[in-house]
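Dear colleague,

Please find below the structure that I am handing over to you.

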Amino acid sequence: MAKTINDNQQQMKNWQDQKFGMFIHWGLFSQPDIGCWSMFCSAMDIDEYAKRADKFNPVKFNADEWVKIAQDAGMKYMVLTAKHHDGFSIWDSKYCLNDHTSMNCPAKRDFIKEYTDACHKAGMLTGLYYSPLDWRFPGFFFPRMYKTNANALREQTHKQLEELTTNYGKIDFMWYDGGEDYWLGHGFHMHKFGRPADFKTNPQVKDFWDMEKLDKMVRTNQPGIICNNRIGDKTYGDYFAPEKVIGEFNVDEPWETCDTMTNTWEHNPNSKIRSFRNCIHLLAKVVCNGGNLLLNIGPRPDGSFEENEIARLKEIGAWLKKYGESIYGTRGGPIKMDQRGGTVHNGNVMYLHVLDWSDDEMIIPAKGNPEITCLNGIELNVRKQGEYLAISVPFENRQEVDTVIKCTYSEDVMKVFGGIVDYDDICAKSVYKDDSVIVEQL
């Protein structure tokens with residue numbers, strides 16, 4: 001539970017209902033031959049990097065189109081990179097070191113205003129990504145040796161977050177990245193000759209960001225705002241955010257997986273795009289495991305989207321129009337499964353997502369006498385097997401992407417099941433004897 005000054009539990013429940021959001025990595029780093037980690041990984045001179053702003057003029061940026069693309073994909077919220085680790089700020093910031101902003105380049109535009117205005121107009125839940133760290137500050141790497149500079153970095157963070165939470169109307173989410181105290185110097189402590197074993201629990205400077213003050217300011221300016229936990233000692237966030245992995249099954253804590261449509265966060269025209277099947281499997285597994293999915297798109301430098309990414313997003317949106325009831329508003333479980341699929345529930349309905357028919361039948365407890373149907377309208381075969389029901393679909397009717405089976409009970413699913421059950425345990429217990437004939441485990 002976050003050390004929060006206001007109650008945002010209703011907002012948290014609403015966010016968990018949305019399930020699917022669009023992450024957008026876009027900024028100065030979207031230009032050709034550089035990426036969002038180029039300054040650091042290439043040891044690029046910060047003054048040379050700053051000159052890249054002289055060419056930043058995304059004439060095809062259209063925030064309304066961005067929001068429409070997200071909506072067509074069935075996405076219910078958006079998060080845009082306001083400032084990444086390179087320090088370039090895509091809004092009219094008065095507190096950015098060396099005025100390294102989108103207002104001081106050929107664009108001369110406040111992209112955060114255009115983006116938030118478009119989200120608000122369309123009724124889209126609005127999120128901002130913000131990186132507290134900034135590679136242009138030596139104090140980030142050596143916070144004690146360059147204490148004055150480190151303090152200036154902290155001041156920039158507080159002032160910029162104040163701008164973002166006061167100048168752009170309702171902000172539903174603040175998505176921090178790289179703000180954990182142990183991220184100082186990226187975990188490396190040069191005065192201790194590398195990365196100490198205890199770098200996460202014993203950072204160079206504890207409470208570097210003055211989190212109580214920072215969190216209070218953000219939540220005062222935006223009552224009910226939802227923040228992830230990638231900042232400070234990670235106790236001020238409302239949820240945790242695994243990156244590029246499907247989070248483990250967890251229905252006790254709110255979480256969100258962030259992942260990419262291609263193999264990079266920023267725009268790369270040569271990146272391989274995820275298949276439609278892979279996208280649906282990613283979404284289904286995350287939701288069945290209890291989380292939300294924030295899927296990243298990297299627009300071109302000019303602000304437009306790659307056509308193949310738009311096409312893939314439309315495919316996802318079309319699938320969600322048909323099967324969205326098994327995603328939106330649900331919670332993970334009650335049956336915990338492996339890569340074969342997963343389950344979600346909503347009130348008195350359980351949805352079984354079958355992603356892999358390596359077994360010809362899927363087994364569920366024979367509780368509550370459910371009505372069982374398939375969302376694609378085809379007929380199912382259901383047989384009683386002791387205390388379990390074995391469900392099968394004719395081979396020719398199995399969905400290549402995801403066969404969604406709907407089980408409707410007369411009362412709340414979790415009351416019927418009495419808690420979370422493990423699919424492997426169900427399979428192990430489903431072997432029974434009938435007239436002295438052993439029925440093989442499925």
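Predicted model: local features only at pLDDT ≥ 70, side-chain atom pairs only at ≥ 80, totals over all residues.

Residues are numbered from 1 along each chain as its sequence is written, and side-chain values use heavy atoms, with hydrogens and water left out.

Helices α4 and α5

Helix α4 (residues 63-72) packs with helix α5 (residues 111-122) at an angle of about 50°, their axes being 8 Å apart. Helices here are DSSP runs of H or I with at least four residues, and strands are runs of E with at least two, numbered from the N terminus. Axes are lines fitted to C-alpha atoms, for helices over the stretch in contact, and angles run from 0 to 180 degrees between N-to-C directions. The angle makes α4 oblique to α5 (under 35 degrees counts as roughly parallel, over 145 as roughly antiparallel, 65 to 115 as roughly perpendicular, and the rest as oblique). On α4, the contact (heavy atoms within 4.5 Å) is made by A63, D64, V67 and Q71; on α5, it is made by E114, Y115, A118, C119, K121 and A122.

D64 also forms a salt bridge with K121, with the closest N and O atoms 3.2 Å apart. Because D64 lies in α4 and K121 in α5, this pair ties together parts that are 57 residues apart in sequence. A salt bridge is a side-chain nitrogen of Lys or Arg within 4 Å of a carboxyl oxygen of Asp or Glu; the whole structure has 25 of them.

Helices α9 and α10

Helix α9 (residues 276-288) and helix α10 (residues 307-323) pack at about 55°, with axes 10 Å apart, and are therefore oblique to each other. F276, C279, I280 and L283 of α9 meet R312, E315, I316, W319 and L320 of α10.

The sheet

An open sheet is formed by 3 strands in the order β14-β17-β16, with antiparallel pairing (two strands pair if DSSP finds at least two bridges between them). β14 (362-365) and β16 (381-385) stand at the edges with a single partner strand each, so one side of each has no neighbour in the sheet. Neighbouring strands are turned by 25° against each other on average, direction ignored. Strand β17 (residues 388-392) is joined to β16 by 5 bridges, and Q385 has Y388 of β17 as its bridge partner.

With kind regards
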